[in-house]
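Biologist: Could you walk me through how the pieces of this fold sit against each other? I have the viewer open.

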Amino acid sequence: MPNDQKVKATDAANELEERVIEIRRVSKVTKGGKTISFRAVSVVGNRNGKVGIGIGNAREVPQAIRKSIENAKNNMIEVPVKNGTIPHETIGEQDASTVLLFPAGPGTGVIASSAVRAVVELAGIDNILSKAISSTNVLNLAKATYNGLKKLRSPQEIAKLRDLSVKQVFFGAHEGV
């Protein structure tokens with residue numbers, strides 16, 4: 001099955017990039033026999049802080065891919081990207097899969113498996129370290145990465161929640177220090 005197909009599409013105001021990360025044949029057993037269909041998992045992002053993941057099932061592969069891309073466009077989230085990396089470390093979980101995501105310095109690159117790499121690259125993250133723990137199922141890893149990125153908060157957002165300045169978030173809220 002083809003993996004990591006790259007396609008570009010124009011969507012209203014911004015250009016979204018689409019990647020199919022998995023196509024799998026699935027079957028449903030009924031009284032009359034087996035019904036075979038295909039499941040496609042796609043990631044859509046603009047490489048500028050927006051990313052979405054989607055799943056599509058259909059009897060034919062092109063229809064499954066189209067459905068998964070449509071689903072991914074409907075599930076897009078904003079990811080805070082600071083200097084090409086994430087603002088803080090996070091843990092994403094989905095079923096038996098756990099993904100640890102750590103910010104990395106410039107020049108590190110994306111250290112990740114194919115499913116995690118697809119999600120973080122299309123989100124616009126250039127430098128990141130990741131570790132997959134437990135199950136390495138492609139769908140669960142992609143969803144765990146998505147869940148981890150969804151938990152991220154920008155320093156400005158945290159400062160606003162805590163009624164502090166951004167400087168106090170980084171260096172502490174003590175007066176004399």
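Biologist: At what angle do helix H2 and helix H3 pack?

Modeller: Helices (H or I, at least four residues) and strands (E, at least two) are DSSP runs, numbered from the N terminus. This is a predicted model, where local features need pLDDT of at least 70, side-chain atom pairs count only at pLDDT 80 or more, and totals for chains, interfaces and linings use all residues. Residues are numbered from 1 along each chain as its sequence is written, and side-chain values use heavy atoms, leaving out hydrogens and water. With axes fitted to C-alpha atoms over the stretch in contact, and angles running from 0 to 180 degrees between N-to-C directions, H2 (residues 114-123) and H3 (residues 138-151) have axes 8 Å apart and pack at about 35°.

Biologist: Which residues of H2 make the contact?

Modeller: Contact means heavy atoms within 4.5 Å. H3 contributes Val 138, Leu 141, Ala 142, Thr 145, Tyr 146 and Leu 149, and H2 contributes Ala 115, Val 116, Val 119, Val 120 and Ala 123.

Biologist: In what order do the 4 strands of the open sheet lie?

Modeller: Two strands pair if DSSP finds at least two bridges between them. E6 (90-94) and E8 (110-111) are the edge strands, each pairing on one side only. The pairing is mixed, and the order is E6-E7-E9-E8.

Biologist: Do E8 and E9 run parallel or antiparallel?

Modeller: Val 110 has Ile 128 in E9 as its bridge partner. E8 and E9 are joined by 2 bridges, and they run parallel.
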